Amino acid sequence: MYSLKRNVHYWCQDTISGNLTGKGINIAILDTGIAPHPDLKDHMIAWKDMVHNREKPYDDNGHGTHVSGILSGDGRSSRKTISGIAPESGIMAVKVLNSKGDGRIAHVIGGIQYILRERNRYRIRIVNISIGTAPHPGNADEAELVSWVERLWDAGLVVVTAAGNLGPDTCSITLPGISRKVITVGSCLGQSFSNEVPQQALLYSGCGPTEECVKKPDITAPGNGIYSCNYRYPVYSRMPYLKKSGTSMATPVVSGSVALLLEKYPDMKNTEVKLRLWDSCDDLGLPENRQGHGQINITKLLT
């Protein structure tokens, strides 16, 4: 995670001094669940299983654990070398996908309803949605899902979603990232591509505009070759971390950055967060439908 943090300018005065770690900021994660990884077990504040209704946290796929580590992992299994963006933030893990990473819209909506019911009890400020599916215009179930995601935003939560990995064609942003309200995150390599041919990491990232001509993604973050928590460790694997790529990995980089921002400015509204993210990005020299407003820069975001 060292190169990831370097690329997004993580080390500013607030993070070097330890003033900002995401402490007191709780994030709901809609995903495949969360494993009791040593780097995460002290950060779990709530759990809900919409798939099998099990009472204890688990992850039978690994995607959700990896996403959670990028966001909130405290790095204890690597002497802090591989740690999350907001290593003291809290996690409400909501399992909506099965062991294959597939899911039903009804389960996702049920997870959203759970977050809305419990957001005040657990002081949830951010919702991370590193999942998505190709939209089908006119599909009533998909329209309902977007409507429920927007209810999260209307309730005052900062909703951060993945742009999906169906790029680079236009109109390839996945659901629910097509919503005009939420913050949709694409993947990049963390360097400028001006005067260069875009490299492979950008070619899978979903591109806008949406079918309704909404400019997407909003911003980008590094999502290629990111090391984070291995859901099989320590019982079934000796490797505490593994590498994954995709906009799913870029999304918690932004969610974690927002946690730092809300720790510093706790009264900031979600619309203010969105505008500040836009204004603090680094231009990658790419079309808007690939990079949005550019790549996240945490130093600019916090100062």
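**Ground rules.** I am working with a predicted model, where local features need pLDDT of at least 70, side-chain atom pairs count only at pLDDT 80 or more, and totals for chains, interfaces and linings use all residues. Residues are numbered from 1 along each chain as its sequence is written, and side-chain values use heavy atoms, with hydrogens and water left out.

**Pockets.** I began with the open spaces. On a 1 Å grid over the protein atoms alone, a pocket is an open set of points where a 1.4 Å probe fits, with protein on both sides within 12 Å along at least five of seven lines; lining residues have an atom within 4 Å of a point. Points are joined across faces, edges and corners, and a volume is the space filled by probe spheres set on the points.

The largest pocket holds about 520 Å³ of space. I found 28 residues in its lining, with L97, G101, I131, G132 and T133 the closest to its centre. By class I noted 11 nonpolar, 12 polar and five charged residues in this lining (nonpolar: Ala, Val, Leu, Ile, Met, Phe, Trp, Tyr, Cys and Pro; charged: Asp, Glu, Lys and Arg; polar: the others, Gly among them).

Which helix gives the most to the lining of the largest pocket? It is α5, with three residues. Helices α4 (105–118), α5 (140–154) and α7 (247–264) each supply at least two. Helices here are DSSP runs of H or I with at least four residues, strands are runs of E with at least two, and both are numbered from the N terminus.

The second largest pocket comes to about 400 Å³. Its lining has 19 residues, and P135, V146, L175, I178 and E212 lie nearest its centre. They divide into nine nonpolar, five polar and five charged.

**Strand β1.** Next I looked at residues 26–31, where six of six are buried (buried is under 20% relative accessible area, exposed over 50%, partly exposed in between, with a 1.4 Å probe and protein chains only). N26, A28 and L30 point one way, while I27, I29 and D31 point the other.

Strands pair if DSSP finds at least two bridges between them. I see β1 running parallel to β3 (residues 90–95) over six bridges, with L30 opposite V94. On β4 (residues 124–129), β1 also pairs in the parallel sense, over five bridges, and I27 has I126 as its partner there.

**Rings.** Rings of Phe, Tyr and Trp (its six-membered ring) pair if their centres lie within 6.5 Å; planes under 30 degrees apart are stacked, over 60 edge-to-face, the rest tilted. I count two aromatic pairs by this rule. In one, Y10 and W11 have centres 5.8 Å apart and planes at 90°, so they are edge-to-face. Y10 is buried at 6%, whereas W11 is partly exposed at 40%.

The charged end of K5 sits over the Y10 ring, 4.3 Å from its centre (NZ of Lys or CZ of Arg within 6 Å of the ring centre and within 35 degrees of the ring normal). R54 lies over the face of Y58 at 4.6 Å.

**Backbone.** Most residues other than glycine have a negative phi, and most peptide bonds are trans. I logged a cis bond from G167 to P168, with omega near 10°, and another joining K216 and P217, with omega about -5°. H9 has a positive phi near 55° and is partly exposed at 36%. K80 has phi near 70° and is exposed at 57%.
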